[in-house]
Amino acid sequence: SRIGPVYTPPEHRGHGYAAAATAAAARWALERGARQVLLYTDLANPTTTNRLYPRLGFRPRHDVLELR
């Protein structure tokens, strides 16, 4: 299962909405048989990557660059 992108409008940030929604989506997928839950995020974003997602149990696995 995969999650992404997760976005909270600026005026609603800081209330835990993204954390709650991401945790609920991951829990829902795992309870229904997903062996893995992948979360696509911007590793350069210190707010989500360095604080929120590790607290939810996510760990960096791959870094991807898309060129057009």
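Residues are numbered from 1 along each chain as its sequence is written, and side-chain values use heavy atoms, with hydrogens and water left out. In this predicted model, local features need pLDDT of at least 70 and side-chain atom pairs count only at pLDDT 80 or more, whereas totals for chains, interfaces and linings use all residues.

**Confidence and fold**

The predictor's confidence in each residue, pLDDT, runs from 0 to 100; its mean over the protein chain is 88, and 97% of the residues reach 70 or more. Confidence is highest in α1, at a mean of 95, and lowest in helix α2 (residues 46-55), at 78. The chain has two helices and two strands, arranged β-α-β-α from the N terminus on, where helices (H or I, at least four residues) and strands (E, at least two) are DSSP runs numbered from the N terminus. Along the principal axes, the C-alpha atoms fill a box of roughly 35 × 30 × 20 Å.

**Surface and charge**

The accessible surface, from the Shrake-Rupley method with a 1.4 Å probe, comes to about 5,900 Å², of which 53% belongs to carbon and sulfur atoms. Of the 68 residues, 21% count as buried, a term that means under 20% relative accessible area with a 1.4 Å probe, protein chains only. There are 10 positive and 5 negative side chains, and the centres of the two sets lie 8 Å apart; Lys and Arg count as positive and Asp and Glu as negative, while His and the chain ends are not counted, and each charge is placed at NZ of Lys, CZ of Arg, CG of Asp or CD of Glu.

A polar atom of its side chain lies 2.8 Å from the backbone oxygen of A18. P5 lies in the loop between β1 (2-3) and α1, and the peptide bond from G4 to P5 is cis, with omega near -10°. Most peptide bonds are trans.

Key:
Buried means under 20% relative accessible area, exposed over 50%, partly exposed in between (1.4 Å probe, protein chains only). A polar contact is a pair of N or O atoms within 3.5 Å; within protein, one must be able to donate a hydrogen and the other to accept it, and residues adjacent in sequence count only if both atoms are side-chain atoms.
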